[in-house]
Amino acid sequence: MKRESIIEILLCTVSLFSLVSLMGIVLSIFGEAIPFFREVPFLDFITGKRWYPTSEPPCFGLLPLLAGSIVVTIGAMLVSLPIGLGTALYLSEFAKPGVREILKPFVELLAGIPSVIYGFFGMVILAPLVQKIFRVPVGLNAFTASLLLGVMTLPTIASIAEDALNSVPVTLREASLALGATKWETATRIVLPAAKSGILTSIVLGAGRAAGETMTVLMVAGGAAVIPRSIFQPVRPITATIAAEMGEVAMGSVHYHALFALAAVLFLSTLCFNILAERIKGREG
Amino acid sequence: MRRFCLFILFSLFPLYGSKTVTITGSTTVLPIAQYAAEIFMQRNPEVNISVRGGGSGVGIANLLDGTTDIANASRPIKEKELKRAKEKGINPVATIIAKDGIAVIVHPSNPVTALTLEQIRKIYTGEISNWKEVGGNPGTIVVVSRDHSSGTFEVFKKMVLEGEKVRPDAIMAASNKAVLTTVAKTPGAIGYIGLGYLSSDVKAVKVDGVYPSPESVVSGKYKLARPLYMYTRGKPSGVVKEFIDFILSPEGQKIVKELGFVPVRLPEEK
(Lines give C-alpha, C1' and ligand atoms only; values in the text may rest on other atoms or scores of the structure.)
Protein backbone atom coordinates (compact mmCIF):
# COMPACT_ATOMS: atom_id res chain seq x y z
CA MET A 1 0.00 0.00 0.00
CA LYS A 2 2.72 2.38 1.01
CA ARG A 3 4.70 1.60 -2.08
CA GLU A 4 1.65 2.23 -4.24
CA SER A 5 1.12 5.67 -2.77
CA ILE A 6 4.76 6.55 -3.41
CA ILE A 7 4.35 5.53 -7.02
CA GLU A 8 1.17 7.54 -7.25
CA ILE A 9 2.88 10.68 -5.92
CA LEU A 10 5.78 10.10 -8.29
CA LEU A 11 3.52 9.76 -11.31
CA CYS A 12 1.55 12.82 -10.27
CA THR A 13 4.78 14.87 -10.05
CA VAL A 14 5.86 13.65 -13.47
CA SER A 15 2.54 14.56 -15.03
CA LEU A 16 2.70 18.00 -13.44
CA PHE A 17 5.93 18.54 -15.36
CA SER A 18 4.23 19.58 -18.60
CA LEU A 19 1.92 21.91 -16.72
CA VAL A 20 4.86 23.57 -14.99
CA SER A 21 6.76 23.85 -18.29
CA LEU A 22 3.75 25.42 -19.96
CA MET A 23 3.31 27.91 -17.14
CA GLY A 24 7.00 28.78 -17.29
CA ILE A 25 6.87 29.36 -21.03
CA VAL A 26 3.70 31.44 -20.86
CA LEU A 27 5.02 33.56 -18.02
CA SER A 28 8.34 34.23 -19.72
CA ILE A 29 6.79 35.02 -23.12
CA PHE A 30 4.25 37.45 -21.72
CA GLY A 31 6.69 38.79 -19.14
CA GLU A 32 9.20 39.66 -21.87
CA ALA A 33 6.48 41.01 -24.17
CA ILE A 34 5.06 43.50 -21.68
CA PRO A 35 8.05 45.91 -21.73
CA PHE A 36 7.51 46.25 -25.50
CA PHE A 37 4.09 47.82 -25.01
CA ARG A 38 5.58 50.39 -22.67
CA GLU A 39 7.64 51.67 -25.62
CA VAL A 40 5.26 51.08 -28.51
CA PRO A 41 1.51 51.68 -28.23
CA PHE A 42 -0.54 48.50 -28.61
CA LEU A 43 -2.61 50.03 -31.42
CA ASP A 44 0.52 50.97 -33.41
CA PHE A 45 1.68 47.37 -33.12
CA ILE A 46 -1.50 45.67 -34.32
CA THR A 47 -2.31 48.20 -37.05
CA GLY A 48 1.25 48.95 -38.24
CA LYS A 49 1.92 48.10 -41.87
CA ARG A 50 5.72 48.22 -41.75
CA TRP A 51 8.30 46.03 -40.03
CA TYR A 52 11.66 47.83 -39.82
CA PRO A 53 12.89 46.78 -36.38
CA THR A 54 16.41 48.16 -36.68
CA SER A 55 15.79 51.43 -38.53
CA GLU A 56 15.90 54.81 -36.85
CA PRO A 57 13.14 55.27 -35.81
CA PRO A 58 12.07 51.61 -35.86
CA CYS A 59 8.67 50.42 -37.13
CA PHE A 60 7.06 47.46 -35.41
CA GLY A 61 3.95 46.72 -37.47
CA LEU A 62 2.30 43.35 -36.98
CA LEU A 63 0.07 43.41 -40.09
CA PRO A 64 2.56 42.35 -42.80
CA LEU A 65 3.81 39.47 -40.64
CA LEU A 66 0.32 38.37 -39.67
CA ALA A 67 -0.72 38.61 -43.32
CA GLY A 68 2.26 36.42 -44.24
CA SER A 69 1.25 33.77 -41.70
CA ILE A 70 -2.40 33.84 -42.77
CA VAL A 71 -1.64 33.68 -46.51
CA VAL A 72 0.66 30.66 -46.25
CA THR A 73 -1.72 28.89 -43.84
CA ILE A 74 -4.70 29.35 -46.15
CA GLY A 75 -2.56 28.40 -49.13
CA ALA A 76 -1.37 25.26 -47.35
CA MET A 77 -4.96 24.30 -46.53
CA LEU A 78 -6.01 24.75 -50.15
CA VAL A 79 -3.33 22.23 -51.10
CA SER A 80 -3.67 19.72 -48.28
CA LEU A 81 -7.44 19.75 -47.76
CA PRO A 82 -8.57 18.21 -51.06
CA ILE A 83 -5.62 15.82 -51.20
CA GLY A 84 -5.79 14.92 -47.50
CA LEU A 85 -9.55 14.36 -47.46
CA GLY A 86 -9.41 12.47 -50.74
CA THR A 87 -6.68 10.24 -49.33
CA ALA A 88 -8.64 9.63 -46.13
CA LEU A 89 -11.83 8.84 -48.02
CA TYR A 90 -10.05 6.46 -50.37
CA LEU A 91 -8.15 4.69 -47.61
CA SER A 92 -11.16 4.19 -45.36
CA GLU A 93 -13.95 3.55 -47.91
CA PHE A 94 -12.56 2.33 -51.19
CA ALA A 95 -9.04 0.93 -50.88
CA LYS A 96 -8.60 -2.82 -50.73
CA PRO A 97 -6.81 -3.90 -47.52
CA GLY A 98 -3.64 -4.68 -49.47
CA VAL A 99 -3.48 -1.25 -51.09
CA ARG A 100 -4.29 0.41 -47.79
CA GLU A 101 -1.45 -1.33 -46.02
CA ILE A 102 1.01 -0.06 -48.58
CA LEU A 103 -0.34 3.47 -48.96
CA LYS A 104 -0.94 4.37 -45.33
CA PRO A 105 2.65 4.02 -44.09
CA PHE A 106 3.77 6.29 -46.92
CA VAL A 107 1.37 9.02 -45.86
CA GLU A 108 2.63 8.68 -42.29
CA LEU A 109 6.23 8.65 -43.45
CA LEU A 110 5.64 12.12 -44.88
CA ALA A 111 5.13 13.40 -41.33
CA GLY A 112 8.52 12.09 -40.28
CA ILE A 113 10.56 14.19 -42.70
CA PRO A 114 12.29 17.01 -40.80
CA SER A 115 11.08 20.45 -41.84
CA VAL A 116 14.59 21.64 -42.69
CA ILE A 117 14.64 19.03 -45.46
CA TYR A 118 11.37 20.36 -46.87
CA GLY A 119 12.92 23.82 -46.69
CA PHE A 120 16.09 22.75 -48.45
CA PHE A 121 14.14 20.93 -51.16
CA GLY A 122 11.93 23.98 -51.61
CA MET A 123 14.82 26.38 -51.85
CA VAL A 124 16.99 24.42 -54.22
CA ILE A 125 14.51 22.55 -56.42
CA LEU A 126 10.94 23.81 -56.07
CA ALA A 127 11.60 27.58 -56.00
CA PRO A 128 13.57 27.69 -59.30
CA LEU A 129 10.83 25.52 -60.89
CA VAL A 130 8.06 27.83 -59.69
CA GLN A 131 10.03 30.80 -60.95
CA LYS A 132 10.41 29.28 -64.43
CA ILE A 133 6.94 27.78 -64.80
CA PHE A 134 4.99 30.83 -63.68
CA ARG A 135 7.49 33.36 -65.08
CA VAL A 136 7.66 35.29 -61.82
CA PRO A 137 10.75 37.28 -60.75
CA VAL A 138 11.56 35.02 -57.80
CA GLY A 139 10.62 31.52 -56.69
CA LEU A 140 10.82 32.20 -52.95
CA ASN A 141 7.26 33.35 -52.36
CA ALA A 142 3.96 32.60 -50.65
CA PHE A 143 2.97 30.14 -53.37
CA THR A 144 6.04 27.93 -52.98
CA ALA A 145 5.75 28.07 -49.18
CA SER A 146 2.07 27.11 -49.40
CA LEU A 147 2.84 24.13 -51.62
CA LEU A 148 5.44 22.81 -49.18
CA LEU A 149 3.36 23.49 -46.08
CA GLY A 150 0.46 21.78 -47.83
CA VAL A 151 2.52 18.62 -48.28
CA MET A 152 3.73 18.87 -44.68
CA THR A 153 0.22 19.13 -43.23
CA LEU A 154 -1.09 16.38 -45.49
CA PRO A 155 -0.35 13.52 -43.04
CA THR A 156 -2.03 15.38 -40.16
CA ILE A 157 -5.22 15.87 -42.13
CA ALA A 158 -5.19 12.50 -43.88
CA SER A 159 -4.58 10.40 -40.77
CA ILE A 160 -6.93 12.24 -38.39
CA ALA A 161 -9.69 12.37 -41.02
CA GLU A 162 -9.19 8.70 -41.79
CA ASP A 163 -9.50 7.81 -38.10
CA ALA A 164 -12.73 9.81 -37.98
CA LEU A 165 -14.13 8.03 -41.05
CA ASN A 166 -13.11 4.64 -39.66
CA SER A 167 -14.89 5.27 -36.38
CA VAL A 168 -18.22 5.65 -38.20
CA PRO A 169 -20.15 2.45 -37.31
CA VAL A 170 -20.23 -0.18 -40.06
CA THR A 171 -23.98 -0.57 -39.48
CA LEU A 172 -24.54 2.89 -41.00
CA ARG A 173 -22.76 1.85 -44.18
CA GLU A 174 -24.58 -1.46 -44.31
CA ALA A 175 -27.94 0.25 -43.87
CA SER A 176 -27.13 2.70 -46.63
CA LEU A 177 -25.97 0.00 -49.03
CA ALA A 178 -29.00 -2.12 -48.19
CA LEU A 179 -31.26 0.76 -49.20
CA GLY A 180 -29.67 0.66 -52.63
CA ALA A 181 -27.13 3.51 -52.35
CA THR A 182 -23.90 3.09 -54.30
CA LYS A 183 -20.53 2.97 -52.57
CA TRP A 184 -19.83 6.58 -53.60
CA GLU A 185 -23.21 7.79 -52.33
CA THR A 186 -22.64 5.98 -49.05
CA ALA A 187 -19.18 7.50 -48.63
CA THR A 188 -20.13 11.09 -49.43
CA ARG A 189 -23.69 11.31 -48.08
CA ILE A 190 -23.58 9.00 -45.07
CA VAL A 191 -20.04 8.41 -43.80
CA LEU A 192 -18.61 11.87 -44.48
CA PRO A 193 -21.39 13.79 -42.66
CA ALA A 194 -21.26 11.32 -39.78
CA ALA A 195 -17.54 11.96 -39.36
CA LYS A 196 -17.93 15.74 -39.72
CA SER A 197 -16.54 16.80 -36.37
CA GLY A 198 -13.51 14.56 -36.65
CA ILE A 199 -12.77 15.96 -40.08
CA LEU A 200 -13.13 19.54 -38.81
CA THR A 201 -10.68 18.70 -36.04
CA SER A 202 -8.20 17.43 -38.62
CA ILE A 203 -8.52 20.68 -40.56
CA VAL A 204 -8.01 22.85 -37.49
CA LEU A 205 -5.00 20.84 -36.30
CA GLY A 206 -3.55 20.90 -39.82
CA ALA A 207 -3.98 24.67 -40.00
CA GLY A 208 -2.35 25.00 -36.59
CA ARG A 209 0.60 22.98 -37.80
CA ALA A 210 0.95 25.15 -40.92
CA ALA A 211 0.72 28.40 -38.94
CA GLY A 212 3.33 27.25 -36.44
CA GLU A 213 5.81 25.80 -38.92
CA THR A 214 9.06 27.74 -38.85
CA MET A 215 12.04 26.30 -40.66
CA THR A 216 10.37 25.75 -44.02
CA VAL A 217 8.84 29.21 -44.25
CA LEU A 218 12.09 30.75 -43.05
CA MET A 219 13.87 29.15 -45.98
CA VAL A 220 11.22 29.36 -48.68
CA ALA A 221 8.72 32.18 -48.07
CA GLY A 222 11.17 34.90 -49.12
CA GLY A 223 11.00 36.92 -45.94
CA ALA A 224 9.72 40.25 -47.30
CA ALA A 225 7.60 42.04 -44.70
CA VAL A 226 4.84 43.20 -47.04
CA ILE A 227 1.12 42.58 -47.19
CA PRO A 228 1.13 40.51 -50.39
CA ARG A 229 -0.97 41.62 -53.34
CA SER A 230 -0.37 38.36 -55.17
CA ILE A 231 0.33 34.80 -54.10
CA PHE A 232 3.62 35.02 -55.98
CA GLN A 233 5.02 37.75 -53.73
CA PRO A 234 7.47 36.91 -50.97
CA VAL A 235 6.03 37.02 -47.45
CA ARG A 236 7.41 36.97 -43.92
CA PRO A 237 5.37 34.83 -41.52
CA ILE A 238 5.60 35.51 -37.77
CA THR A 239 7.51 32.31 -37.01
CA ALA A 240 10.19 33.06 -39.60
CA THR A 241 10.60 36.59 -38.24
CA ILE A 242 11.24 35.37 -34.71
CA ALA A 243 13.64 32.65 -35.83
CA ALA A 244 15.60 34.94 -38.13
CA GLU A 245 15.94 37.90 -35.81
CA MET A 246 16.31 36.40 -32.33
CA GLY A 247 19.91 35.33 -32.87
CA GLU A 248 21.42 38.73 -33.48
CA VAL A 249 19.15 41.03 -31.53
CA ALA A 250 20.60 43.01 -28.63
CA MET A 251 19.17 41.55 -25.42
CA GLY A 252 16.82 43.86 -23.56
CA SER A 253 16.28 46.18 -26.55
CA VAL A 254 12.83 47.16 -27.81
CA HIS A 255 13.40 44.87 -30.79
CA TYR A 256 14.07 41.97 -28.41
CA HIS A 257 10.82 42.58 -26.57
CA ALA A 258 9.02 43.05 -29.89
CA LEU A 259 9.98 39.50 -30.86
CA PHE A 260 8.42 38.27 -27.62
CA ALA A 261 5.29 40.26 -28.45
CA LEU A 262 5.22 38.36 -31.78
CA ALA A 263 5.70 35.11 -29.88
CA ALA A 264 2.72 36.04 -27.69
CA VAL A 265 0.56 36.64 -30.78
CA LEU A 266 1.67 33.30 -32.19
CA PHE A 267 1.02 31.54 -28.89
CA LEU A 268 -2.47 33.00 -28.60
CA SER A 269 -3.37 32.01 -32.16
CA THR A 270 -2.17 28.42 -31.82
CA LEU A 271 -4.01 28.28 -28.49
CA CYS A 272 -7.17 29.34 -30.35
CA PHE A 273 -6.61 26.58 -32.91
CA ASN A 274 -6.24 23.99 -30.15
CA ILE A 275 -9.24 25.19 -28.16
CA LEU A 276 -11.27 25.16 -31.37
CA ALA A 277 -10.16 21.60 -32.08
CA GLU A 278 -11.00 20.51 -28.52
CA ARG A 279 -14.45 22.08 -28.70
CA ILE A 280 -15.25 20.41 -32.00
CA LYS A 281 -14.10 17.12 -30.56
CA GLY A 282 -16.10 17.74 -27.38
CA ARG A 283 -19.29 18.39 -29.34
CA GLU A 284 -19.11 14.92 -30.79
CA GLY A 285 -18.70 13.76 -27.21
CA MET B 1 30.16 -2.65 -15.61
CA ARG B 2 33.41 -1.86 -13.83
CA ARG B 3 35.13 -1.35 -17.13
CA PHE B 4 32.36 1.06 -18.11
CA CYS B 5 32.84 3.07 -14.91
CA LEU B 6 36.57 3.24 -15.53
CA PHE B 7 35.90 4.42 -19.04
CA ILE B 8 33.64 7.22 -17.77
CA LEU B 9 36.24 8.14 -15.17
CA PHE B 10 39.03 8.34 -17.70
CA SER B 11 37.02 10.29 -20.22
CA LEU B 12 36.17 12.82 -17.54
CA PHE B 13 39.71 12.92 -16.30
CA PRO B 14 41.15 15.37 -18.84
CA LEU B 15 38.61 17.96 -17.68
CA TYR B 16 40.20 18.09 -14.26
CA GLY B 17 42.84 20.76 -13.97
CA SER B 18 42.22 21.86 -17.56
CA LYS B 19 41.53 25.44 -18.54
CA THR B 20 38.22 26.03 -20.27
CA VAL B 21 37.46 28.88 -22.63
CA THR B 22 33.97 29.47 -23.98
CA ILE B 23 33.43 31.40 -27.21
CA THR B 24 29.97 32.45 -28.41
CA GLY B 25 28.58 34.80 -31.01
CA SER B 26 28.52 35.85 -34.66
CA THR B 27 28.14 33.08 -37.20
CA THR B 28 30.40 35.09 -39.54
CA VAL B 29 33.30 34.84 -37.10
CA LEU B 30 32.44 31.26 -36.13
CA PRO B 31 34.58 29.44 -38.75
CA ILE B 32 37.68 31.43 -37.75
CA ALA B 33 37.17 30.76 -34.04
CA GLN B 34 36.40 27.09 -34.68
CA TYR B 35 39.43 26.44 -36.85
CA ALA B 36 41.81 28.40 -34.63
CA ALA B 37 40.47 26.64 -31.52
CA GLU B 38 41.11 23.20 -33.02
CA ILE B 39 44.75 23.99 -33.74
CA PHE B 40 45.20 25.78 -30.41
CA MET B 41 43.84 22.78 -28.50
CA GLN B 42 46.14 20.40 -30.36
CA ARG B 43 49.10 22.47 -29.25
CA ASN B 44 47.84 22.98 -25.70
CA PRO B 45 46.09 19.76 -24.66
CA GLU B 46 45.36 21.15 -21.19
CA VAL B 47 43.14 23.84 -22.73
CA ASN B 48 39.55 23.10 -23.61
CA ILE B 49 37.83 25.58 -25.92
CA SER B 50 34.15 25.34 -26.74
CA VAL B 51 32.96 27.41 -29.68
CA ARG B 52 29.32 28.21 -30.35
CA GLY B 53 27.39 30.38 -32.80
CA GLY B 54 24.18 32.15 -31.92
CA GLY B 55 24.80 35.56 -33.40
CA SER B 56 26.57 38.75 -32.34
CA GLY B 57 23.74 39.78 -30.01
CA VAL B 58 23.69 36.46 -28.21
CA GLY B 59 27.49 36.49 -27.88
CA ILE B 60 27.58 39.91 -26.27
CA ALA B 61 24.60 39.12 -24.03
CA ASN B 62 26.39 35.98 -22.83
CA LEU B 63 29.60 37.93 -22.27
CA LEU B 64 27.71 40.32 -19.98
CA ASP B 65 25.98 37.42 -18.21
CA GLY B 66 29.35 35.82 -17.60
CA THR B 67 28.46 32.63 -19.48
CA THR B 68 31.06 33.13 -22.19
CA ASP B 69 34.68 34.29 -22.10
CA ILE B 70 34.88 35.63 -25.64
CA ALA B 71 32.02 37.13 -27.65
CA ASN B 72 32.45 37.02 -31.42
CA ALA B 73 30.83 39.97 -33.15
CA SER B 74 30.53 41.08 -36.75
CA ARG B 75 29.50 44.56 -35.61
CA PRO B 76 30.74 46.93 -32.92
CA ILE B 77 28.98 46.78 -29.55
CA LYS B 78 25.78 48.83 -29.40
CA GLU B 79 25.03 51.78 -27.13
CA LYS B 80 22.39 49.76 -25.33
CA GLU B 81 24.70 46.81 -24.71
CA LEU B 82 27.42 49.17 -23.47
CA LYS B 83 24.96 50.65 -21.00
CA ARG B 84 24.06 47.18 -19.72
CA ALA B 85 27.75 46.39 -19.38
CA LYS B 86 28.31 49.52 -17.34
CA GLU B 87 25.40 48.64 -15.05
CA LYS B 88 27.07 45.31 -14.41
CA GLY B 89 30.49 46.89 -13.94
CA ILE B 90 31.95 45.15 -16.99
CA ASN B 91 34.29 46.84 -19.43
CA PRO B 92 33.94 45.09 -22.83
CA VAL B 93 37.18 45.29 -24.78
CA ALA B 94 37.21 44.73 -28.53
CA THR B 95 40.03 43.09 -30.45
CA ILE B 96 39.85 43.23 -34.23
CA ILE B 97 40.87 39.76 -35.36
CA ALA B 98 40.11 39.97 -39.08
CA LYS B 99 38.34 41.97 -41.73
CA ASP B 100 35.55 40.90 -44.00
CA GLY B 101 34.61 42.34 -47.36
CA ILE B 102 30.98 42.40 -48.41
CA ALA B 103 30.65 41.33 -52.03
CA VAL B 104 27.67 42.49 -54.09
CA ILE B 105 26.57 39.55 -56.23
CA VAL B 106 24.32 38.95 -59.24
CA HIS B 107 23.31 35.91 -61.30
CA PRO B 108 26.17 34.69 -63.55
CA SER B 109 24.05 35.34 -66.66
CA ASN B 110 23.62 39.02 -65.76
CA PRO B 111 25.64 41.28 -68.12
CA VAL B 112 26.08 43.96 -65.44
CA THR B 113 29.65 43.85 -64.12
CA ALA B 114 30.00 47.07 -62.17
CA LEU B 115 27.77 49.25 -60.00
CA THR B 116 28.38 52.40 -58.01
CA LEU B 117 27.52 52.63 -54.31
CA GLU B 118 24.87 55.16 -55.35
CA GLN B 119 23.27 52.69 -57.77
CA ILE B 120 23.34 49.90 -55.19
CA ARG B 121 21.67 52.19 -52.67
CA LYS B 122 18.96 53.12 -55.18
CA ILE B 123 18.37 49.47 -56.06
CA TYR B 124 17.99 48.52 -52.41
CA THR B 125 15.70 51.44 -51.52
CA GLY B 126 13.52 50.80 -54.58
CA GLU B 127 14.35 53.93 -56.60
CA ILE B 128 15.79 51.72 -59.32
CA SER B 129 13.78 48.58 -59.99
CA ASN B 130 14.72 47.52 -63.53
CA TRP B 131 18.09 46.23 -64.69
CA LYS B 132 17.97 48.40 -67.82
CA GLU B 133 18.38 51.49 -65.59
CA VAL B 134 21.89 50.33 -64.66
CA GLY B 135 22.93 49.08 -68.08
CA GLY B 136 21.59 45.54 -67.97
CA ASN B 137 18.93 43.66 -69.90
CA PRO B 138 15.36 44.82 -69.19
CA GLY B 139 13.90 42.87 -66.28
CA THR B 140 12.73 43.30 -62.70
CA ILE B 141 15.49 43.49 -60.12
CA VAL B 142 14.88 40.98 -57.34
CA VAL B 143 16.45 42.54 -54.26
CA VAL B 144 17.87 40.03 -51.78
CA SER B 145 18.89 41.34 -48.38
CA ARG B 146 19.88 39.87 -45.03
CA ASP B 147 17.63 39.93 -42.01
CA HIS B 148 17.32 43.15 -40.04
CA SER B 149 19.31 41.92 -37.10
CA SER B 150 22.18 40.27 -38.95
CA GLY B 151 25.58 41.87 -38.47
CA THR B 152 26.11 41.84 -42.24
CA PHE B 153 22.90 43.80 -42.78
CA GLU B 154 23.89 46.29 -40.12
CA VAL B 155 27.16 47.04 -41.89
CA PHE B 156 25.47 47.14 -45.31
CA LYS B 157 22.87 49.54 -43.94
CA LYS B 158 25.48 51.86 -42.53
CA MET B 159 27.78 51.86 -45.56
CA VAL B 160 25.30 51.67 -48.44
CA LEU B 161 21.83 52.75 -47.41
CA GLU B 162 22.81 55.96 -45.58
CA GLY B 163 19.93 55.69 -43.16
CA GLU B 164 17.30 54.84 -45.78
CA LYS B 165 15.15 51.73 -45.60
CA VAL B 166 15.37 48.63 -47.77
CA ARG B 167 12.28 48.34 -49.98
CA PRO B 168 9.71 46.39 -47.98
CA ASP B 169 9.22 43.69 -50.63
CA ALA B 170 12.90 42.70 -50.67
CA ILE B 171 13.64 39.03 -50.06
CA MET B 172 15.10 38.64 -46.57
CA ALA B 173 17.43 35.67 -46.33
CA ALA B 174 18.47 34.22 -43.01
CA SER B 175 22.11 33.47 -43.80
CA ASN B 176 24.97 34.20 -46.19
CA LYS B 177 24.44 30.77 -47.69
CA ALA B 178 20.73 31.47 -48.26
CA VAL B 179 21.56 34.72 -50.11
CA LEU B 180 24.06 32.82 -52.25
CA THR B 181 21.55 30.08 -53.16
CA THR B 182 18.77 32.55 -53.91
CA VAL B 183 20.93 34.72 -56.18
CA ALA B 184 22.42 31.65 -57.89
CA LYS B 185 18.90 30.36 -58.71
CA THR B 186 17.23 33.66 -59.65
CA PRO B 187 18.31 35.34 -62.90
CA GLY B 188 17.11 38.83 -61.89
CA ALA B 189 18.52 38.83 -58.36
CA ILE B 190 21.06 41.01 -56.61
CA GLY B 191 22.40 40.23 -53.14
CA TYR B 192 25.33 40.77 -50.81
CA ILE B 193 27.45 38.25 -48.87
CA GLY B 194 30.64 37.99 -46.88
CA LEU B 195 33.71 37.67 -49.10
CA GLY B 196 34.41 34.23 -47.65
CA TYR B 197 31.18 32.86 -49.10
CA LEU B 198 31.84 33.96 -52.69
CA SER B 199 31.65 31.07 -55.17
CA SER B 200 31.48 30.50 -58.91
CA ASP B 201 27.68 30.04 -58.72
CA VAL B 202 27.31 33.80 -58.63
CA LYS B 203 29.11 36.81 -60.04
CA ALA B 204 30.56 39.57 -57.85
CA VAL B 205 30.33 43.05 -59.34
CA LYS B 206 32.82 45.89 -59.05
CA VAL B 207 31.74 48.49 -56.53
CA ASP B 208 32.80 52.02 -57.45
CA GLY B 209 35.21 50.46 -59.94
CA VAL B 210 36.92 48.10 -57.48
CA TYR B 211 36.55 44.31 -57.54
CA PRO B 212 36.17 42.76 -54.07
CA SER B 213 39.25 40.77 -53.04
CA PRO B 214 41.34 40.34 -49.90
CA GLU B 215 43.92 42.68 -51.39
CA SER B 216 41.50 45.47 -52.21
CA VAL B 217 39.95 45.19 -48.74
CA VAL B 218 43.28 45.45 -46.91
CA SER B 219 44.44 48.33 -49.05
CA GLY B 220 41.19 50.12 -48.29
CA LYS B 221 40.31 50.59 -51.98
CA TYR B 222 37.24 48.37 -51.68
CA LYS B 223 34.70 50.33 -49.70
CA LEU B 224 32.35 47.59 -48.48
CA ALA B 225 34.48 46.09 -45.72
CA ARG B 226 34.08 45.65 -42.00
CA PRO B 227 36.20 44.57 -39.06
CA LEU B 228 35.35 41.37 -37.14
CA TYR B 229 35.69 41.50 -33.37
CA MET B 230 36.30 39.34 -30.36
CA TYR B 231 34.98 40.99 -27.21
CA THR B 232 36.32 40.15 -23.76
CA ARG B 233 35.51 41.29 -20.24
CA GLY B 234 38.31 43.76 -19.63
CA LYS B 235 41.62 43.33 -21.43
CA PRO B 236 42.24 39.73 -22.46
CA SER B 237 44.33 37.82 -19.91
CA GLY B 238 45.47 34.28 -19.24
CA VAL B 239 44.42 31.58 -21.70
CA VAL B 240 41.98 33.96 -23.39
CA LYS B 241 44.85 36.29 -24.20
CA GLU B 242 46.98 33.39 -25.42
CA PHE B 243 44.19 32.33 -27.75
CA ILE B 244 43.54 35.80 -29.16
CA ASP B 245 47.30 36.33 -29.56
CA PHE B 246 47.39 33.07 -31.52
CA ILE B 247 44.73 34.34 -33.93
CA LEU B 248 46.63 37.60 -34.36
CA SER B 249 49.93 35.76 -34.96
CA PRO B 250 51.09 35.27 -38.58
CA GLU B 251 49.92 31.65 -38.34
CA GLY B 252 46.49 32.62 -37.07
CA GLN B 253 46.13 35.25 -39.74
CA LYS B 254 46.99 32.63 -42.33
CA ILE B 255 43.94 30.66 -41.13
CA VAL B 256 41.89 33.84 -41.49
CA LYS B 257 43.04 34.15 -45.09
CA GLU B 258 42.50 30.46 -45.87
CA LEU B 259 38.90 30.77 -44.74
CA GLY B 260 38.30 33.58 -47.22
CA PHE B 261 38.49 36.45 -44.77
CA VAL B 262 40.96 39.28 -44.81
CA PRO B 263 43.88 39.47 -42.34
CA VAL B 264 44.09 42.51 -40.09
CA ARG B 265 47.50 43.32 -41.54
CA LEU B 266 48.88 42.49 -44.94
CA PRO B 267 51.18 39.48 -44.63
CA GLU B 268 54.75 40.40 -45.49
CA GLU B 269 55.61 39.83 -49.13
CA LYS B 270 57.97 36.95 -49.68
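In the predicted model, helices α3(A) and α8(A) are roughly perpendicular to each other, a class that covers angles of 65 to 115 degrees, whereas angles under 35 degrees count as roughly parallel, over 145 as roughly antiparallel and the rest as oblique. By class, their contact has six nonpolar, no polar and two charged residues; Ala, Val, Leu, Ile, Met, Phe, Trp, Tyr, Cys and Pro count as nonpolar, Asp, Glu, Lys and Arg as charged, and the others, Gly among them, as polar. Helix α3 (residues 63-94) of chain A packs against helix α8 (residues 183-194) of chain A at an angle of about 115°, and the two axes lie 11 Å apart. Axes are lines fitted to C-alpha atoms, for helices over the stretch in contact, with angles from 0 to 180 degrees between N-to-C directions. The crossing of α3(A) and α8(A) is right-handed, that is, the near helix is turned clockwise from the far one by less than a right angle (anticlockwise for left-handed). On the α3(A) side, L89(A), E93(A) and F94(A) meet K183(A), W184(A), A187(A), V191(A) and L192(A) of α8(A), contact being defined as heavy atoms within 4.5 Å.

Residues are numbered from 1 along each chain as its sequence is written, and chains are lettered from A and ligands numbered from 1 in the order in which they are written. Local features need pLDDT of at least 70, side-chain atom pairs count only at pLDDT 80 or more, and totals for chains, interfaces and linings use all residues, while side-chain values use heavy atoms, with hydrogens and water left out.

Chain A contains 12 helices and two strands, which are DSSP runs (helices H or I, at least four residues; strands E, at least two) numbered from the N terminus. The order along the sequence of chain A is α-α-β-β-α-α-α-α-α-α-α-α-α-α. Its C-alpha trace spans about 75 × 70 × 30 Å along the principal axes.

Over all chains, the structure holds 21 salt bridges, each a side-chain nitrogen of Lys or Arg within 4 Å of a carboxyl oxygen of Asp or Glu. One of these joins the side chains of E162(A) and K104(A) at 2.9 Å, N to O. This pair links distant parts of the chain, with E162(A) in helix α6 (residues 142-166) and K104(A) in helix α4 (residues 97-111), 58 residues apart.

Between the chains, 35 residues of chain A are in contact with 37 residues of chain B. The two chains bury about 2,700 Å² between them, 58% of it on carbon and sulfur atoms; buried area is the accessible area (1.4 Å probe) lost on putting two parts together, summed over both. One salt bridge is counted between chain A and chain B, with the side chains of D147(B) and R236(A) meeting at 2.5 Å, N to O. Helix α5 (residues 115-133) of chain A and helix α7 (residues 176-185) of chain B have axes that come within 10 Å and cross at roughly 35°, in a right-handed crossing. Here M123(A), V124(A), P128(A) and Q131(A) meet A178(B), T181(B), T182(B) and K185(B).
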